[in-house]
Amino acid sequence: MDIFDEIYRGTPPWDIGRPQKAFIELAGRGEIRGSVLDIGCGTGEHALFVAGAGHEALGIDTAPLAIQKAREKAAERGLPARFLVGNVLNLSGLNGRFDTVIDSGLFHTLSDKDRPVLAESLATVLAPGGRYFMLCFSDRNPGEYPLPRRIAMVEIRDTFQDGWSIDYVRPAVFENTVQADGHLAWLASISRKAQE
Ligand code: SAH
């Protein structure tokens, strides 16, 4: 069974019951445009948030229990976000084109080998000129703990090379239910180049 599905029997620390502040601010700056795909959506707070702001929204996660919870929230809140069980490392089967992709806490769960696979997969669904917004744990976090890994800026840059341009990678915070100040994070904005 999917380890994450097991974790979603309870409420994991990242499942804060609202969108991450970093994405609320991003939306406030008008950076989220058009149709939105939320990869590794968990229980759906980010897809629901953008659906509430009028965007077409689809959330994808491998954990069936997370998707079930997300669908329940959509029904309770009367929001039109859609949710699918699926692997974001192979999005080509979606046959979809999105203007914006949101990733809150997925990228830092991937192995070294899977990061370039994600970039290839995203290229199949992100419209030319579309943007991928990613919030991950950063290597600025002090202390020793094994997982999830902390991402160095260079690892983000190495993953998105051909066909991508990095708009910015900025210090941010990843909120959780156990630490008042959250984890130190990076917020990256990465654009799919218009010419293929
Ligand atoms: N975005 C959510 C969940 C973050 S936790 C939130 O902010 O609350 C990371 C999520 O990525 C988990 O729900 C996990 O099930 C999902 N995930 C990990 N690898 C995945 C993959 N290859 N495809 C789809 N989802 C994946």
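The following legends describe close-up views of a predicted model. Local features require pLDDT of at least 70 and side-chain atom pairs pLDDT 80 or more, while totals for chains, interfaces and linings use all residues. Residues are numbered from 1 along each chain as its sequence is written, and side-chain values use heavy atoms, without hydrogens and water.

**View 1. Residues around the ligand.** The ligand has 18 residues around it, of which Y8, G40, D61, N87 and S104 come nearest (a residue is near if one of its heavy atoms lies within 4 Å). This shell consists of 8 nonpolar, 9 polar and 1 charged residues (Ala, Val, Leu, Ile, Met, Phe, Trp, Tyr, Cys and Pro count as nonpolar, Asp, Glu, Lys and Arg as charged, and the others, Gly among them, as polar).

View 2. A polar contact here is a pair of N or O atoms within 3.5 Å. The side chain of Y8 places an N or O atom 2.6 Å from an oxygen atom of the ligand. A nitrogen atom of the ligand lies 3.3 Å from a backbone N or O atom of T62, and a polar backbone atom of S104 is 2.8 Å from a ligand nitrogen atom. On its own the ligand has 570 Å² of accessible area, and the protein covers 93% of this (Shrake-Rupley method, 1.4 Å probe).

**View 3. Aromatic rings.** The structure contains 6 aromatic pairs (ring centres of Phe, Tyr or Trp, the latter by its six-membered ring, within 6.5 Å; planes under 30 degrees apart are stacked, over 60 edge-to-face and the rest tilted). The ring centres of Y8 and W14 are 6.0 Å apart and their planes lie at 85 degrees, so this pair is edge-to-face. One aromatic cluster is formed by F107, Y132, F160 and W164.

Notes:
A polar contact is a pair of N or O atoms within 3.5 Å; within protein, one must be able to donate a hydrogen and the other to accept it, and residues adjacent in sequence count only if both atoms are side-chain atoms.
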